[in-house]
Amino acid sequence: MNKYFTVIAMCLVLALGFGCTKKQTVKQEEPIKQPEVSIPAPVATPPAETQPAAPKIEFKTIFFAFDSYSLNEEGKALLNQAGGLLRSYPEVALRLEGHCDERGTAEYNLALGEKRANAVREYLENLGVSRSRLSTVSFGKEKPAVAGNDEASWARNRRVEIVPVAK
Amino acid sequence: MKIKYVLLILLSTILCQNVFGRADVYLKLSTSERRQLELGIAPLQAQDAKDHPEAIVNAQKMLEIIGDDLAFSLYFKLVYPPSLLEGYGLKKGRLDIGAWQMLGARQVLIPELKQEKKKVILKLSVFDLGIQRQVFSKDFEPDGSRAAAHAASDLIIKNLSGEDGVSSTKIAFSLKSGKNKELMLADYDGGGLRALTNFNSINISPDWQPGGGALAFVSFYRNRTDIVSLNLASGQTAIISQTEGLNTSPAWSPDGKSLALTLSKDGNAEIYLLSPETKELRRLTNSWAIDCSPSWSPNGRELVFNSDRPGSPQLYIMDSEGANIRRLTYQGGYNTSPSWSPRGDKIAFVSRIDGRFQVCTIDITGDNFVQLTYEGDNEDPSWSPDGLHLCFSSSRTGSHQIWRMHWDGSAQQAITNNGGSYMPAWGPVQ
C-alpha cells in the first residue's frame, strides 16, 4: 500500500509540475464558480512502465451468451487447445480480459466481465495450468471489439480475450 | 324530500368520483403531488435603462433562465400575459391586479431594470395579489451570467415555497472521446459545460461526496478499475481504493464518513464499506453471485444494491451492517442500477422491458412498479437532491445523451448535445 502511495505522490508532483510549466497563468480560483474557465485537473498518470516483450503466440477469444458467464462447448474446446499450447510454452503467462456487450448497466457489466474471466481461469486451472500464470481483468462494456448494435455485434463483444504476457 | 336530496348528492358524488377519478390520478402523475403556486411573470420594465442596451439583453437572458428554472422546479405554474409588450399588466405604472387575477395568477414576479447612481440593477420583486403586498424583493447585477440567474431562481423558490431549489445544482457525467471517457460537469440544465478530467483513459461512475466538494469515480488509468477521488476546487486527485480485482461503484454515505463500493479481492464482486480516513474496510455481502451498485437510503441506515443471486440481476435492500437482506424487485429478469430517492420513499432503477432498458421507480415496500421511459435504452438514473427530478442517459435520439425529467416521468428533456454521454450523477445543493 505504502509503495502505491509513494508512486502516486510522485506522479502527482510530476503531473502538477508539468501542469504548472504549461499553464502558469491559470488563476487559483474555485473552478466550480467559474464555469467559463476550463482548468484541466492534474492528471495522476503513472510513468509508462517498460513491459517485457509479449511472447508471439495467439489464443482464440472465448464467447458467451447474454448475461451469462457459463462456458459453452465451443469455449471449452478452445480452452482445451489453449491448455495444450501452454504446456509447450512454460514461460508464458496469460492475462484473461473479460468483456460484455453494450447492453445493460456498466457497473453490473464490470462484475459480469470479471465472472467471465474467472470462469476461463477456473477452467484452465482444472486443466492443470498454475494459477500463478493466470491474471484476470474486467473491462465490462467499456472496450467493445466491434461497433454496432445488433445481435451479431453484441455476440462478438461478449467475450474473454486471452492475452499472452511474459511471466 | 330530504332523503331524496341526500341520495341525489350521494349518487352524484359517486358518479363524479368515477368520472373524475382518472382525471385526478392523471393530474397527480402529470404535474406533481404538491400544490403549485400560480405565478405571473410580468414583462421586463426597462424605461430606466434606455441607455444600456446590453443590460436589457442580459436581463432578458437571465429572465429566460429564471423562467425555465421556476417552471422545472414543480413549485410553480407560470402564468405569462398574452402580450409581452412592456407595460402589459400595468396600470399607470402600477400592477394591474385585476388583469393578473383574470389570468389566474396568485402572485406576480415583476422584473425591473433600474438606474441607481451610475449602475443599472435588475430588481426582482414578487407581489401577492391576495394580500395585496410585496412578498419578495432583491436586486441583482444584470451581468447575464447563468450562475446569477440560477441563484436568483433558488432565492425566489426559497422565499415563496420555503424549499431548497435545485437551480444551482450540477450534474457530473462521463463523455466518450475516442476510446476514452472523461468526466464532465454541467449545470443541471446542461449549461456551463466543462471538462473535469483529462486522464486519457476510461473514467466512469461519478459519485458526489456530500457537500459537493469532491467526486469519487472509477478510473481505468492503469488499464484496470481503481476508485479515485477528485477535489473540484483544487483539481487534485487521490486514490481511494486499489485492491486486487474490481474496484467499482463508489457511493458516499450521507454523512460522508464512509464509502460503499464493490470489490472482488475475496473472489467475486461483493459490497464493502470503506472509511477513507481510517482505511477500515468492512465486508457487507457474502454470496457466490455478483453484488454491486450500492445506493444509500437518505438516513444512512440501509442500502439498496444489485445482485444476481436469484439467477438474474435483481434489487435487494440490506441494512448498513449487511444484515436483514430482502429482495425488492420480482418483475422481469433484469433490474439494475438502483438509486434511492432523497425523499426516502422510492427507488429509481433500470429494468429490461421488451429487450430495451428503461428507467423505472418502485416504492421501498416493493409496490408501485412504474415505467418512466419508453423510447430507446435509458440507463443510470440519478435523483435531484430534492427528490423531485431524475437525470439519466438515453439513446432515443440515436446517440447517448443526458436527459432530465420529473419524478413521474413527465417533461423529459435532453440537456446535452454531444453524443456519447453516460452515467450522470446529480450533485447536491451547495
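**Ground rules.** This is a predicted model, so I kept in mind that local features need pLDDT of at least 70 and side-chain atom pairs count only at pLDDT 80 or more, while totals for chains, interfaces and linings use all residues. Residues are numbered from 1 along each chain as its sequence is written, and chains are lettered from A and ligands numbered from 1 in the order in which they are written.

**Chain B overall.** I looked up the secondary structure and found four helices and 31 strands in chain B. Helices (H or I, at least four residues) and strands (E, at least two) are DSSP runs, numbered from the N terminus. The C-alpha trace of chain B spans about 80 × 75 × 40 Å along its principal axes. Of the 430 residues in chain B, 44% are buried. Buried stands for 20 or more other C-beta atoms within 10 Å of a residue's own, exposed for 12 or fewer, and partly exposed for in between, with C-beta atoms placed from the backbone. I also checked contacts, meaning C-beta atoms, placed from the backbone, within 7 Å. Among those in chain B with a separation of 6 or more, 42% join residues 24 or more positions apart.

**The five-stranded sheet.** In chain B I traced an open sheet in the order S2-S1-S5-S6-S7, with mixed pairing. Strands pair if DSSP finds at least two bridges between them. Strands S2 (76–79) and S7 (133–140) of chain B are at the edges with a single partner strand each, so each has one side without a neighbour in the sheet. From one strand to the next the twist averages 25°. S1 (residues 37–41) of chain B runs parallel to S2(B), joined by four bridges, and Gly40(B) sits opposite Val79(B).

**Helices on that sheet.** Helix H2 (residues 53–73) of chain B packs on the sheet, touching S1, S2, S5 and S6 of chain B, and its direction makes about 140° with that of S2(B). For angles, axes are lines fitted to C-alpha atoms, for helices over the stretch in contact, and the values run from 0 to 180 degrees between N-to-C directions. Helix H4 (residues 146–161) of chain B lies across S1, S5, S6 and S7 of chain B, at about 160° to S7(B).

How do H2(B) and H4(B) pack, and at what angle? Their angle is about 40°, with the axes 9 Å apart. H2(B) and H4(B) are therefore oblique to each other; angles under 35 degrees count as roughly parallel, over 145 as roughly antiparallel, 65 to 115 as roughly perpendicular and the rest as oblique. Residues that meet include Met62(B) and Ile65(B) in H2(B), and Ala152(B) and Ile156(B) in H4(B).

**A hairpin.** S13(B) and S14(B) form a hairpin with five residues between them, and Gly235(B) in the turn has a positive phi of about 75°. The two strands run antiparallel, joined by four bridges, with Leu230(B) opposite Thr237(B).

**The core.** Which residues have the most contacts inside the largest nonpolar core? They are Ile171(B) and Ala172(B), in a core of 129 residues. Such a core is a set of buried Ala, Val, Leu, Ile, Met, Phe, Trp, Tyr and Cys residues joined through C-beta atoms within 7 Å. Its largest share, nine residues, comes from helix H3 (residues 106–126) of chain A. Beyond four places in sequence, Ile171(B) contacts residues including Tyr188(B), Cys391(B) and Trp426(B).

Technical notes:
Contact = placed C-beta atoms within 7 Å.
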